[in-house]
Amino acid sequence: MLAGRRNQGDTVADLLDGEHKVRQCVKTSGDMPLAGLLRLECPMPNVSQSKPVASMEQLADRLEDHRPRRLPGRRYMARCGVAAVLSEREDLEGLSVLLMRRATRVGDPWSGHMSFPGGRMEPGDRNTRATAIRETVEETGLMLDTRDRLGRLSDVVTRQHSRMRPMIVTPHVFRMDAGVEPQWQLNHEVSEVLWVPLNFFADEKNRQIMHWRTGRLNWQMPCYFYQERRIWGLTLLMLRELLGLTHGVNWRSIRPIRGQPE
């Protein structure tokens, strides 16, 4: 049975069709943690000719004009909210994004990965924005304010930890005042947090190629190494859309290759 409430005007056929479309993304990738990259890539903002944003205010304007994708049937799927927290940091020469390394845990497909703060939506959460705020303070000790939310990015698809059913991840963009140094309080799910300058991702020379094998297929996808930490997968997919807004850059996120990787 599909969980959640139906919107007025939704039919059972609409809901089942939405769930079928999302499930198909997961089936194509087997046990791949970044399921959904294969068929559902984030729509890129039409800002390819724009100059990089010069301020948070300019980014807020672009997010207001941006139309992120909302996946069909998402209200009836497992949901997740994550926070892309941005700060204008002088030591990193401009806008930087907060990332965390997930703690190494047996059975966690994202164990040790770099990610945004965030997690699974709980019954007490009004929406994925509330989820992102709650999870961020639980994981890192950073208290976000709804007034600091600049906007949201497109839904992306992954799978639940121990099941093949899809889960929809919704990224929300928040600002943090320059010069503020949070008193980090990392919980057992997080091993470290760090700021990464967006200019680092915008520089094509820093982009590398990695290979991922699932079943009989090999996939070629981009990744970045920042201070010996690899950033890839769903996190990079969401960053790709954000960079389209901040720097007007784009790249193909994933493609199949024949034969064995070199």
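Cysteine 223 counts as buried, at 2% relative accessibility. Buried here means under 20% relative accessible area, exposed means over 50%, and partly exposed is in between, with a 1.4 Å probe and protein chains only. Cysteine 80 is buried too, with a relative accessible area of 8%. This is a predicted model: local features need pLDDT of at least 70 and side-chain atom pairs count only at pLDDT 80 or more, while totals for chains, interfaces and linings use all residues. Residues are numbered from 1 along each chain as its sequence is written, and side-chain values use heavy atoms, with hydrogens and water left out.

Now the cores. A nonpolar core is a set of buried Ala, Val, Leu, Ile, Met, Phe, Trp, Tyr and Cys residues joined through side-chain atoms within 4.5 Å. The largest has 52 residues, and Val85, Leu86, Val97, Val196 and Phe201 have the most contacts inside it. Helix α5 gives the largest share of this core, eight residues. Apart from it lies another core of five residues, including Cys223 and Trp219.

Valine 85 is in contact (heavy atoms within 4.5 Å) with Val97, Phe174, Met176 and Trp195, among others, leaving aside neighbours within four places in sequence.

That brings in methionine 176, which sits in strand β7, residues 166-176. Helices (H or I, at least four residues) and strands (E, at least two) are DSSP runs numbered from the N terminus. Methionine 176 is buried, at a relative accessible area of 10%. Residues it touches, not counting those up to four places away in sequence, include Met56, Leu86, Pro182 and Trp195. Its C-alpha atom is 7.2 Å from that of aspartate 148, 28 residues apart along the chain.

Next, strand β8, residues 190-197. Six of its eight residues are buried, so β8 is largely enclosed by the rest of the structure. Strand β2, residues 94-102, pairs with β8 in the antiparallel sense over seven bridges; pairing requires that DSSP finds at least two bridges between the strands. Within that pair, valine 97 has valine 196 in β8 as its bridge partner.

Last, α5, residues 233-246. Its 14 residues should span 20 Å at 1.5 Å a residue, and the end C-alpha atoms are 20 Å apart, which agrees. The expected span is 1.5 Å times one less than the number of residues. Of the 14 residues of α5, 14 are buried, so the helix is largely enclosed by the rest of the structure. Just after α5, glycine 248 takes a positive phi of about 70°.
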